[in-house]
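This report concerns strand pairing and nonpolar packing in the structure shown below.

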Amino acid sequence: MTNALEEEILKLHRELAAERLRADQGWQRYEEANRDRMALRLERVQLTCEAQHNYETIQRQGELLEAAVNVLRGPPPMDSSWSHHDIAELCQRAMNGEVVNDQKTYYATFGMNQTLGRSYVKLAALNAADARAQLHLCYGTRWAFLYNAEDFESKIARHGLTEVGLGTPNEYLEGEDGTT
């Protein structure tokens with residue numbers, strides 16, 4: 001029986017050693033997986049930071065490009081922006097001394113029965129129709145006359161007009177539009 005008992009003990013020792021080996025290997029695999037997981041987390045954080053930096057750079061470049069186009073073309077029509085497709089050509093033309101801003105200056109006045117009577121707005125537009133469209137977007141029908149720069153600049157002092165920003169609220173004075 002001693003022999004059988006010794007064999008039983010040896011068998012149990014082998015099984016225990018195998019279990020410890022599997023446990024040790026499992027722990028090693030766990031530690032390796034944990035290191036890999038931590039490395040991937042670090043890489044994700046680094047890539048997220050890099051992506052955020054790239055996004056901010058692209059946003060800033062877009063702002064600079066838009067500012068350059070606005071310098072070359074003038075302020076864009078209300079609620080819009082200029083296309084950037086021809087910026088290289090515009091820059092080249094500007095460097096050659098050519099006029100690249102095709103916009104003209106227009107002035108609009110308001111009726112005396114409105115809160116902006118004795119006021120005017122200055123706006124930039126490619127043509128009178130574009131200027132009227134801008135005025136219609138801002139004021140509907142609550143404006144009086146549209147002038148080009150040559151016809152209007154002498155009238156500012158003569159009529160005591162005050163410049164207001166495009167989009168300044170304008171309403172009919174009480175009872176002046178036919179209502180009470």
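A nonpolar core is a set of buried Ala, Val, Leu, Ile, Met, Phe, Trp, Tyr and Cys residues joined through side-chain atoms within 4.5 Å; buried denotes under 20% relative accessible area, exposed over 50%, and partly exposed the range in between (1.4 Å probe, protein chains only). The model is predicted: local features need pLDDT of at least 70, side-chain atom pairs count only at pLDDT 80 or more, and totals for chains, interfaces and linings use all residues. Residues are numbered from 1 along each chain as its sequence is written, and side-chain values use heavy atoms, with hydrogens and water left out.

In the largest nonpolar core, which has 14 residues, F110, V121, L123, L135, Y139 and L146 touch the most other members. Strand 1, strand 2 and helix 3 (128-139) each give two or more residues to this core, and helix 3 supplies the largest share, four residues. A second, separate core of six residues includes Y107, Y147, A149 and L161.

Helices (H or I, at least four residues) and strands (E, at least two) are DSSP runs, numbered from the N terminus.

Five of the seven residues of strand 2 (residues 119-125) are buried. T109, in strand 1 (residues 104-109), is likewise buried, at a relative accessible area of 8%. Beyond four places in sequence, T109 has contacts (heavy atoms within 4.5 Å) that include S119, Y120, W143 and L161.
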